[in-house]
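Visitor: I have a few things to ask about this one. Can we go through the model piece by piece?
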Amino acid sequence: MTSVDVDVILPVLDEREALPWVLRRLPEGFRPIVADNGSTDGSAELARALGARVVVERQRGFGAACYAGLRAARADVVCFMDCDGSLDPADLPRVAGPVLADQADLVLGARRAQAGAWPRHARLANRVLMRELARRGGPQLADLGPMRAARRRALLGLGVQDRRFGWPLEMVVRADRAGWQIAEVEVPYAQRAGRAKVTRTVRGTLRTVRDMAAVLA
């Protein structure tokens with residue numbers, strides 16, 4: 001790919017430890033938009049100091065942060081990825097490539113986890129959700145990958161409503177119903193930087209499953 005122009009939306013909640021590494025690893029042509037969702041560790045200030053564009057979303061919720069970043073984006077193609085160091089921004093070109101080449105409408109990075117990177121309870125919950133999605137006539141996917149790419153205008157047109165942890169699943173459900181071509185590429189998945197949160201804990205996984213079950217319902 002030459003002359004790439006992609007906005008990368010990074011939902012952030014207290015990710016100061018991982019931010020420098022993530023921003024430094026972004027490939028040329030992939031511009032960061034840090035969507036800060038109430039950090040108290042100086043993540044937003046650090047991101048600005050490191051040259052990232054920062055948008056602040058005061059409504060708490062993963063989906064709220066992602067949507068704020070999406071609204072702020074200007075590039076034709078946008079990527080999303082967690083900003084905790086578990087995903088390597090160097091893999092973004094492989095995820096965005098099929099969208100940029102008009103070979104797919106939505107590409108998900110299916111996680112290939114390193115030892116200890118993906119807790120068993122979170123992996124099991126993901127597998128159950130993917131089976132239920134397929135059982136209900138949706139796409140057959142290996143993973144609801146948090147690294148993903150799509151075209152910005154088309155994504156806004158889907159009208160994704162969830163502003164919590166159901167956002168990633170609702171995007172896939174609506175894209176499938178709209179007839180989008182959905183593809184997956186494998187990406188490495190490592191231990192996150194900093195303290196465990198959300199799906200790294202049983203309680204967080206249950207919250208995520210609850211929100212996603214509501215989307216399927």
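Visitor: Where is Asp-102 found?
Guide: Asp-102 is in the loop between helix 4 and strand 5 (106-113). Helices (H or I, at least four residues) and strands (E, at least two) are DSSP runs, numbered from the N terminus. Residues are numbered from 1 along each chain as its sequence is written, and side-chain values use heavy atoms, with hydrogens and water left out. This is a predicted model, in which local features need pLDDT of at least 70 and side-chain atom pairs count only at pLDDT 80 or more, while totals for chains, interfaces and linings use all residues.

Visitor: Is Asp-102 buried or exposed?
Guide: Asp-102 counts as exposed, because its relative accessibility is 60%. Buried means under 20% relative accessible area, exposed over 50%, and partly exposed in between, with a 1.4 Å probe and protein chains only.

Visitor: What about phi of Asp-102?
Guide: Phi is near 60° there, a positive value in a residue other than glycine. Asp-14 also is a residue other than glycine with a positive phi, near 55°. Asp-14 sits in the loop between strand 1 (6-12) and helix 1 (19-24).

Visitor: And which phi does Gly-179 take?
Guide: A positive one, of about 80°, just after helix 7.

Visitor: Switching to strand 5. Why call it largely enclosed?
Guide: Because six of its eight residues are buried, strand 5 is largely enclosed by the rest of the structure.

Visitor: Which strands does strand 5 pair with?
Guide: Strand 5 pairs with strand 7 (residues 182-189) in the parallel sense over eight bridges, and the partner of Ala-113 in strand 7 is Tyr-189. Strand 5 and strand 6 (residues 148-151) run antiparallel and are joined by three bridges. There, Leu-106 has Ala-150 of strand 6 as its bridge partner. Two strands pair if DSSP finds at least two bridges between them.

Visitor: Now strand 1. How many of its residues are buried?
Guide: Seven of seven, and strand 1 is described as mostly covered. Val-6, Val-8, Leu-10 and Val-12 point one way, Asp-7, Ile-9 and Pro-11 point the other way, and all are buried.

Visitor: What is the general rule behind that pattern?
Guide: In a regular strand, side chains alternate between the two faces of the sheet.

Visitor: What does strand 1 pair with?
Guide: Strand 1 pairs with strand 2 (residues 30-36) in the parallel sense over seven bridges, and the bridge partner of Val-8 in strand 2 is Pro-32. From strand 1 the chain crosses through helix 1 to strand 2, and this β-α-β crossover is right-handed. Right-handed here means that, with the strands pointing away from the viewer, the path from the first strand over the helix to the second runs clockwise. Strand 1 also pairs with strand 4 in the parallel sense, over four bridges. In strand 4, the bridge partner of Val-8 is Cys-79.

Visitor: On to the loop between strand 4 and helix 4. Is Asp-84 buried or exposed?
Guide: Asp-84, in that loop, is buried because its relative accessible area is 7%.

Visitor: Which side chains does the side chain of Asp-84 make a polar contact with?
Guide: The side chain of Ser-86, at 2.6 Å, and the side chain of Arg-192, at 3.3 Å. A polar contact is a pair of N or O atoms within 3.5 Å; within protein, one must be able to donate a hydrogen and the other to accept it, and residues adjacent in sequence count only if both atoms are side-chain atoms.

Visitor: And where does Asp-88 lie?
Guide: Asp-88 lies in the loop between strand 4 (77-80) and helix 4 (92-100). With a relative accessible area of 19%, Asp-88 is buried.

Visitor: What does its side chain do, starting with Arg-25?
Guide: The side chain of Asp-88 makes a polar contact with the side chain of Arg-25, at 2.5 Å. A polar atom of the Asp-88 side chain also lies 2.9 Å from the backbone nitrogen of Ala-90.

Visitor: Which residues does Asp-88 touch?
Guide: Trp-21, Arg-25, Met-81 and Met-147, not counting residues up to four places away in sequence. Contact means heavy atoms within 4.5 Å.
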